[in-house]
Amino acid sequence: MMMIASLIGGITSAIALNVDSLANAAQGSGMIMTFLILAVVLAVFSYLFQNSIAYAVKPSPRAMGYKPRQLVGYVDGRDTGTPDTWIKRDPSLIRLTGRHPFNCEPPLKDLFDAGFITPTKIHFVRNHGKVPRISWDEHRVTVTGLVKNKTTFTMDQLASLPSYEFPCTFPCAGNRRKEENMVKKGLGFSWGAAAHATSVWKGVRLSTVIKHCGGIADTATKSAKFVCFRGPLKELPKGQDGSYGTSIAIDRAMNDNWDVILAYAQNGLPLSPDHGFPLRIIIPGFIGGRMVKWLSHIEVSDKESTNHFHYYDNRVLPSEVTAERANEEDWWHRPDFIINDINIQSVILLLLLILQLLLLLLL
């Protein structure tokens with residue numbers, strides 16, 4: 001099984017064959033086709049499992065020496081003179097909004113060659129402004145709103161709670177927007193096809209943190225409908241308080257089957273500054289724009305977030321609605337056009353490529 005998985009890893013990045021030949025080769029070979037499909041599926045799952053299990057046992061956050069994780073050994077010259085000059089970034093990343101703020105994706109081939117787990121240094125980044133410089137020891141997260149007890153947590157307190165670690169794939173909502181902008185230019189900048197990644201995230205469940213605040217207040221069991229998040233105040237030039245914030249439905253937040261966590265580790269090590277050190281939300285199945293980085297405040301509420309970015313980012317309006325019309329008629333606050341759950345848009349059909357090669361080798 002491991003040999004098959006190794007073979008797959010070595011050959012997939014070098015092939016790009018016509019899918020029509022697969023159908024021709026498969027004619028009259030039903031039994032062989034069935035065997036090969038089973039073999040490939042088992043090999044792929046074996047490969048994914050081997051990559052994921054490597055992160056199963058890790059030391060405590062304090063034992064890892066919790067400082068912002070730098071991903072390379074030097075500062076990219078393009079960051080010189082910007083507020084982010086202290087952050088060391090992989091120079092191979094494709095910058096999509098100039099020098100600053102930092103918004104990037106890796107070359108698509110690098111993402112493909114990396115395999116199932118995306119190395120943190122080439123994980124796509126979406127920043128709306130400068131990266132806040134935060135200390136693990138000084139950072140606090142406050143939980144307020146419709147909970148029994150307003151509570152402020154230190155990072156050590158959060159890290160002492162039961163933790164969960166799992167791989168999660170998510171995209172930026174703008175993944176492949178470049179192709180859309182070539183047809184009709186929208187407000188967003190042009191992401192390519194590499195604005196998605198898979199990391200192994202570790203943290204404490206949001207539901208656990210809320211339960212440590214006594215849970216939902218007795219008088220609010222029916223009125224509590226959302227959990228709102230935000231990052232540091234005065235971080236960004238837009239909005240009333242200069243923070244980045246959003247919200248999710250409380251049913252999603254409190255259901256442990258969804259594994260919504262406050263993450264403090266990525267791929268077995270502390271978060272990097274660009275990915276939210278010391279703490280961010282991870283919401284499996286959602287767009288990256290809901291996964292607030294540098295998390296500072298959580299509020300259980302009867303209303304969704306009122307944050308500027310909750311409404312004016314991550315919306316898909318009808319094609320006939322221009323930005324001017326959206327502002328005049330306030331389309332931004334219409335709930336039908338919010339993006340939360342999203343499927344990954346792929347430009348590769350990996351399994352078919354593997355299967356085709358095996359058929360050509362054996363038939």
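Guide: Begin with a charge and a ring. Arg334 lies over the face of Trp331, with 3.9 Å to the ring centre. "Over" here requires NZ of Lys or CZ of Arg within 6 Å of the ring centre and within 35 degrees of the ring normal. This is a predicted model: local features need pLDDT of at least 70, side-chain atom pairs count only at pLDDT 80 or more, and totals for chains, interfaces and linings use all residues. Residues are numbered from 1 along each chain as its sequence is written, and side-chain values use heavy atoms, with hydrogens and water left out.

Visitor: Over which ring does the charged end of Arg252 sit?

Guide: The distance to the ring centre is 3.5 Å. The ring under Arg252 belongs to Trp258.

Visitor: How many aromatic pairs does a search of the whole structure find?

Guide: Rings of Phe, Tyr and Trp (its six-membered ring) pair if their centres lie within 6.5 Å; planes under 30 degrees apart are stacked, over 60 edge-to-face, the rest tilted. On that criterion the search of the whole structure gives nine.

Visitor: What is the geometry of the pair Trp136 and Tyr264?

Guide: The centres are 6.3 Å apart.

Visitor: How many residues apart are Trp136 and Tyr264?

Guide: Trp136 is in the loop between strand S3 (125–126) and S4. Tyr264 is in strand S10 (residues 261–266). Strands (E, at least two residues) and helices (H or I, at least four) are DSSP runs, numbered from the N terminus. The pair links distant parts of the chain, 128 residues apart.

Visitor: Is Trp136 buried or exposed?

Guide: Buried means under 20% relative accessible area, exposed over 50%, partly exposed in between (1.4 Å probe, protein chains only). Tyr264 counts as buried. Trp136 is likewise buried.

Visitor: Which residue in S5 stands opposite Thr142?

Guide: Strand S4 (residues 140–145) pairs with S5 in the antiparallel sense, over four bridges. Pairing takes at least two DSSP bridges. A hairpin of five residues joins S4 to S5. Opposite Thr142 stands Thr152.

Visitor: Which residues form the covered face of strand S5?

Guide: S5 spans residues 151–154. Thr152 and Thr154 make up the uncovered face. The covered face holds Thr151 and Phe153.

Visitor: How many disulfides does the structure hold?

Guide: A disulfide is a pair of cysteine sulfur atoms within 2.5 Å. Cys172 is buried at 10% relative accessible area, and Cys213 at 0%. The disulfide count is zero.
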